[in-house]
Amino acid sequence: METRALRKNSIALTGLAIVGFYVAAILLSLVWLPFDPVAMDTEHLLEGPSLATGHLFGTDEFGRDILSRIMKGASVSLVISICATALGAVVGVLMGIWAGYLGGRWDQFLMRIADILFSFPSLLLAIFVMAILGEKTYNVVFAIGIVYIPQFARVSRGAILTIKSSEFVRAARSNGASPRFILFRHLLPNILVPLIVQVSLSLSVAILLESSLSFLGLGVQPPYPSWGNMLSAGRKVMVIAPWTAVYPGLAIVFLVLGFNLLGDGLRDILDPRLKNAR
Amino acid sequence: MGRYIAKRLLSLIPVLFGVSVIVFFLVRLIPGSALQMYMGTQVEATPEQMEELRRIFGEDRPVPVLYVEWLGRLLQGNFGYSLRTGRPVLPDIVSRLPLSLELTVLALFLALLIGIPQGILSSLRKNPFWDVVNRIVGLLGLSLPQFWLAALMVLAFSGFRGWIPMGNYAKFTEEPLRNLKMLLLPSLAIGIGLAAVIMRYTRNSMLEVLQADYIRTAKAKGLKKRVVILRHALKNAILPVITVAGFNTGYLLGGAIVIEEVFALPGMGRLALYAIYQRDYPVIQGIVLVIATLFVLVNLVTDLIYALVDPRIRLDDSSR
C-alpha cells in the first residue's frame, strides 16, 4: 500500500486514527481499567458523570462504572467483529475464487448457494442463526460470519473473473503451474484490493450487527459487557439516567464511523475505479 | 418484456426452494426435538397418546420425508402450529404483516425524501471542504445504530407525548392520522441509514452526469439552472439511485424487527422476538420464510423496474 497516498487522504487517515484510538484503549484495558467493570457498588447507583467520583461516564443501575464497561466491551465487540469478518472472508473468498476460476457447474452451484444466503436480510439471518445456536458469545461469530460469506464470495468471484484471462495467468498455465498454485500465488494477491475495502466495511457492519444482537438479548450475555447489552440495560433507565444509553451508543457510532471512513478512503487510494460502487 | 419477467420469475423457484431447505434443516439442528419442547409445557401422556404425538411430530419418519411433507403443507398455505399457543402460524403472521410493511414503505419514502435532495444539493456545492463534510455526514448516517437512534428519539420526545402518541397502537385503517404520527419516528430511525446511502449515490451519480456534454449544451442554450438540474441531469442520474433504494428495501424490513421492539409496536418483528425468546420454532420458521420471500420479491421488482426504464438491461440479459 502506498503510504504517501494514505497520508494525503484525510478521510482514510481520520478513520485510521479513530480505529487506532480504540485499539489503544483496548490495549490499555488489558492492563488497567478505571474500575472493575463487573463489580457492583450499591452506594453509587445511577450516578451522573463526574470528575469527583472518578466515574467519568457515570454509573449504571448496579453502580458499575460505565467507562470501564465501555472499554471492556470494546474488546468484546471488536474481537467478535474481527473473528466474524475473518470467518466470512475466508469461506466466502474460497468459494468465490473457486467458482470464478473453475467456472461451469462449480460456479453455478456455489453462486446459487450465495444467492440463497443473499435472500435473507442480514440482520434476520443473524437473528435466525442465533435463535438456533443459542445465545453464546462464540455463536455470534458464526451468525455474523454466515451473513458475510455471500458478500465475500461475490466480490472475490467478480475480481477473479476480470483477471482470469489476463496474460500472466495464461502464461503461468502454459508453464504447467497447477490450478492451486495459480489460484493462491497469482490470482489471490491480485484481488486483495477489493477485499481489503470489503473487510473494512464489513467490520463496521459487524459492529452494528453484534450490538443489535446483544441489544435484543441474543448476543453477549450479561454480566459481560458488550455495547449492545449495555444499551439494552440503559434503555430501561434512560429517562432518569441518559448517560447509561448515550455513551455506549456513542462508542458504537465512532468505531463504526472509523471503519467506514477507513474503508471509503482506502477505496479511493487503492482503486479509483470503484469510487461509485457504494 | 413479458418473456423477461417470466424468466426472472422462474429463476426465483430454485432460490426459494433453497431458502426453504435452509429454514427447515437449520431448525432440525436444534438439540432436543420439537416433541420434547412441546411436552415440556404439557401434562403427562399415556403410552398411546405418546405414540400418537410421536406420529404427529413426525418422529417415526426420516427427515427428508418430513421435509417433503412440510413443503407440501407450506404450498397449501399451512405453516404449522405454534408450540406455545397451538394456533396456526400463518394467520398470526399475516395479521402483523401490514404494520411491518407500512413501516418499511414509510422508511423508504423518508429515505428518498431526505436522501435525494441532500444528494443533489451536495453535488452542486463542489469544493474540497464540502466534499469532505458531505462524505463524513453520509458515512455518519451509515454508522448510527438504528435501535440507539430509536431509543434517543423516544427519550427526546418523551416530553412531547401529546404531539407524538406512544402506546396503544392504532391501525391506519382506523385512525390514519394517529397511525402516521406514531410511525413517523420509528420509520425515520429505520430509514436514516438508507437516506445516507441514497444521498451518497445521488451525489456521485449527479457529479458524473453533470459533466456530460448534453448538460453543457443545455446550459449553453440558456436554460435555467433549475431546469437543467432537475429535468436534464436528475432524470438520468436517478436510475442507479432507484436500484440502490430497491435493493435496500429488504434490509429496511430487517431493521423493522429491532425498531418495533423499541417503540413497542405490534408488528412481525415483535412476534419474531417473542417466538425466539420462547423457542417457538414453527413461528420463527414461518416469519423467516415470509420475510425472505418478500425480500426476494422486492429485489425482483427492483430488477424489473430497472429493466423497464433501461432497455439495455434486457438486451444484455443473455450474458447473465
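**A close look at H3(A) against H11(A)**

A: On one side of this pairing, H3(A) brings A:Ile66, A:Ile70 and A:Ala74, and these meet A:Trp243, A:Thr244, A:Tyr247, A:Pro248 and A:Ala251 of H11(A). Sorted by class, the residues of this contact are 7 nonpolar and 1 polar, with no charged ones. Bear in mind that you're looking at a predicted model.

Now the geometry. The axes of H3(A), which runs over residues 66-102, and H11(A) come within 10 Å and cross at roughly 30°. Angles under 35 degrees count as roughly parallel, so H3(A) is roughly parallel to H11(A). As for handedness, the crossing of H3(A) and H11(A) is right-handed.

Step back to the whole chain. Chain A is built from 11 helices and 0 strands, and its C-alpha trace spans about 75 × 45 × 30 Å along the principal axes. Of the 278 residues in chain A, 48% are buried. If you take the contacts in chain A with a separation of 6 or more, 68% of them link residues 24 or more positions apart.

H11(A) also turns up where the two chains meet. There, 37 residues of chain A are in contact with 39 residues of chain B. On the chain A side, the elements that give two or more residues are H2 (10-31), H4 (104-118), H5 (122-133), H9 (192-215), H10 (227-237) and H11 (243-270). The largest share of that side, 9 residues, comes from H11(A). By class, the side of chain A that touches chain B has 24 nonpolar, 9 polar and 4 charged residues.

Next, the nonpolar core. The largest one has 154 residues, and those touching the most other members are A:Ala126, A:Ile127, A:Ile144, B:Ile198, B:Ile284 and B:Ile287. The element giving the most to this core is helix H8 of chain B (residues 176-210), with 16 residues. As general background, nonpolar side chains tend to be buried together in soluble globular proteins.

Leaving out residues up to four places away in sequence, B:Ile198 touches B:Ala111, B:Leu112, B:Gly115, B:Ile116, B:Gly119, B:Val241, B:Val244 and B:Ala245.

B:Ile120 is worth a look too, and you'll find it in helix H5 of chain B, residues 89-124. A residue counts as buried if 20 or more other C-beta atoms lie within 10 Å of its own; B:Ile120 has 20, so B:Ile120 is buried. Beyond its neighbours within four places in sequence, B:Ile120 is in contact with B:Thr202, B:Met206, B:Ile229 and B:Leu234.

H11(B) (residues 268-277) and H12(B) (residues 281-309) pack at an angle of about 145°, with their axes 8 Å apart. The crossing of H11(B) and H12(B) is left-handed. H11(B) puts in B:Met268, B:Leu271, B:Ala272, B:Ala275 and B:Ile276, while H12(B) answers with B:Val283, B:Ile284 and B:Ile287. By class, the contact of H11(B) with H12(B) has 8 nonpolar, no polar and no charged residues.

Terms used
Residues numbered from 1 in each chain as written. Chains lettered and ligands numbered in written order. Predicted model: local features only at pLDDT ≥ 70, side-chain atom pairs only at ≥ 80, totals over all residues. Contact = placed C-beta atoms within 7 Å. Helix = DSSP H or I, 4+ residues; strand = E, 2+ residues; numbered from the N terminus. Nonpolar A, V, L, I, M, F, W, Y, C, P; charged D, E, K, R; others polar. Buried ≥ 20, exposed ≤ 12 C-beta atoms within 10 Å, placed from the backbone. Core = buried A, V, L, I, M, F, W, Y, C linked by C-beta atoms within 7 Å. Axes fitted to C-alpha atoms, helices over the stretch in contact; angles between N-to-C directions. Parallel < 35°, antiparallel > 145°, perpendicular 65-115°, else oblique. Left-handed = near helix turned anticlockwise from the far one by under 90°.
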